[in-house]
Amino acid sequence: EIRAATGDAQGGIEMFCLALSREGDNPGALASLMKAFVDRQDWGRAANCTQRLARVTTEPARRQVLFIEAADLWEKHARAPSRAAAVLEEALGQGPGDAAVLWRLVGLWDRLGEWERLAAALHSLGDLEAEPTRRAKHLYASAGVVRERIRDVRRAAELYEEVLELDATRLDAFERVVRVWTDLHDWPRLEAAYLRMVGRVQPGADAKLDYALNHQLGLIYRDRLGDLTRALDSFRLASEADPRAEEDRRIIVELLVLTGQDDLAIRDMRKSLQDDPTRASAYRELYTLFLRAGANDKAWCAANALCHLREADQAQQQFVSDFPPLDPADIPGTLVPQAWESHLASKGVDGRLDTIFRAFVPAVVRTRMGRVPARSRARWLGEQVRPEDSAVAARLVQLVRDTAEVLGLERPLLLARP
């Protein structure tokens, strides 16, 4: 130190080196020698001395500071990033979980193109985070390195799955998973990825996402795996999430037909019409289904509804015009009582119950109506529809009268809705 203080820098360095040859871990000699090398801009030797000083320092915080200073000398002055990375790795071994050291290593590994080490460092940073969403960000970055730099897409997909387990809102990670398995044509793994994602979505939390997931899962089952039953289940769930989705209703009908469930297809379409009687797509499906089943009258009714909605195609319009309904006034004769059971009664109706209800229901109606004051009947039931009210009323009364005559029934009283 005296030689250095009197201007003999080289002599000072030689004496410091002699001291270290006798006592290699002398902190004072190492610190002084480091300063001397810095003054001479001998950055490599200065960095070595700083690193050796860090090794003999017992106080953890001070030791890590010295390791980082040594890395700075290697990287910024000696222009040796690989030596800087080696120093930081030693520092990490002395103090595992040091975020500052890891962040420095992330920059160095990226600069050096050490992609495996970069991915590992990013993963380690994620492990230090207590907050799942913050941890997910580091894992997403690690997965990106594995996918784009290491080119190990399968391993990247597994990392993206870890991201989603931590933060199910990271749809960008899910898109990466889907892209990996789609590009590899690994349909079972793609199916499994969608099933896991469906399980992550809370019921009712995001109807749009729920619809998209189940719709795509249905396409995988139908087009990739050939599992029509499970495809049908997925499309039903998608339709429940978005009842307005016409494509899914159409696909459901197609799958029901393909699986020999025409009756269920018809029932589904009729149910959709209960929710929205003006849904033209449902009438189109019913028209096709009825024609396939040979139920021409019902097919005509569906086509007629499309004509009224002005949604019928040329074939449907022609079908309706070729078989116009017969006016009741042109039907000769009256239906005999025996024909009700053979021609009109629905199958499965209990004849005994039908007879009982036919006997006592009119009496009950008369009794209940007898309790209604005459002045209140019009308000509760509506005014009687008379032919002289309008041309429409006259036509309606005529139709009801002619139909009652054909069916052999007593002409009913027509009342306008109050």
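## A first look at a helical model

At 45% relative accessibility, Asp223 counts as partly exposed; that label covers values between buried (under 20% relative accessible area) and exposed (over 50%), using a 1.4 Å probe and protein chains only. Welcome to a predicted model, in which local features need pLDDT of at least 70 and side-chain atom pairs count only at pLDDT 80 or more, while totals for chains, interfaces and linings use all residues. Residues are numbered from 1 along each chain as its sequence is written, and side-chain values use heavy atoms, leaving out hydrogens and water.

**Overall build**

- The protein has 23 helices and zero strands; these are DSSP runs numbered from the N terminus, with helices (H or I) of at least four residues and strands (E) of at least two.
- Its radius of gyration is 43 Å, whereas a compact globule of 418 residues would come out near 22 Å. This radius is taken over C-alpha atoms, and the globule rule is 2.2 Å times the number of residues to the power 0.38.
- Along the principal axes, the C-alpha trace spans about 135 × 50 × 40 Å.
- Of the 418 residues, 35% are buried.
- Among contacts (heavy atoms within 4.5 Å) with a separation of 6 or more, 44% join residues 24 or more positions apart.

- Helix 14 covers residues 228–241, and its 14 residues should span 20 Å at 1.5 Å a residue; the end C-alpha atoms are 20 Å apart, in agreement. The expected span is 1.5 Å times one less than the number of residues.
- Ala231, Leu232, Ser234, Phe235, Ala238 and Ser239 are buried in helix 14. Viewed down the axis, the buried residues of helix 14 fall within an arc of 165°, so they line one face; the arc is that of the directions from the helix axis to the C-beta atoms.
- These buried residues pack against helix 13 (207–225) and helix 15 (246–258).
- On the face turned away from the buried side of helix 14 sit the exposed residues Thr229 and Glu240.

**Salt bridges**

- Side chains of opposite charge can pair when their charged atoms come close. The whole structure holds 22 salt bridges, each a side-chain nitrogen of Lys or Arg within 4 Å of a carboxyl oxygen of Asp or Glu.
- Asp223 from the opening pairs with Arg222, with the closest N and O atoms 2.7 Å apart. Arg222 is partly exposed at 27% relative accessibility.
- Asp268 and Arg236 form a salt bridge at 2.7 Å, N to O. Asp268 lies in helix 16 (residues 262–275) and Arg236 in helix 14, so the pair ties together parts 32 residues apart in sequence. Asp268 is buried at 13%, while Arg236 is partly exposed at 26%.
- Glu75 meets Arg104 at 2.9 Å, N to O. The pair links helix 5 (residues 60–77) with helix 7 (residues 99–112), so parts 29 residues apart in sequence are tied together. Glu75 is buried at 16%, and Arg104 is partly exposed at 21%.
- A network of salt bridges links Asp72, Glu75, Lys76, Arg104 and Arg111.

**Cysteines**

- With a disulfide taken as a pair of cysteine sulfur atoms within 2.5 Å, the count comes to zero. Cys301 is in no disulfide, and the nearest cysteine sulfur, in Cys307, is 12 Å away.
- Seen from Cys307, the closest cysteine sulfur is that of Cys301, and 12 Å is too far for a bond.
- Cys301 is partly exposed at 46% relative accessibility, and Cys307 is partly exposed at 27%.
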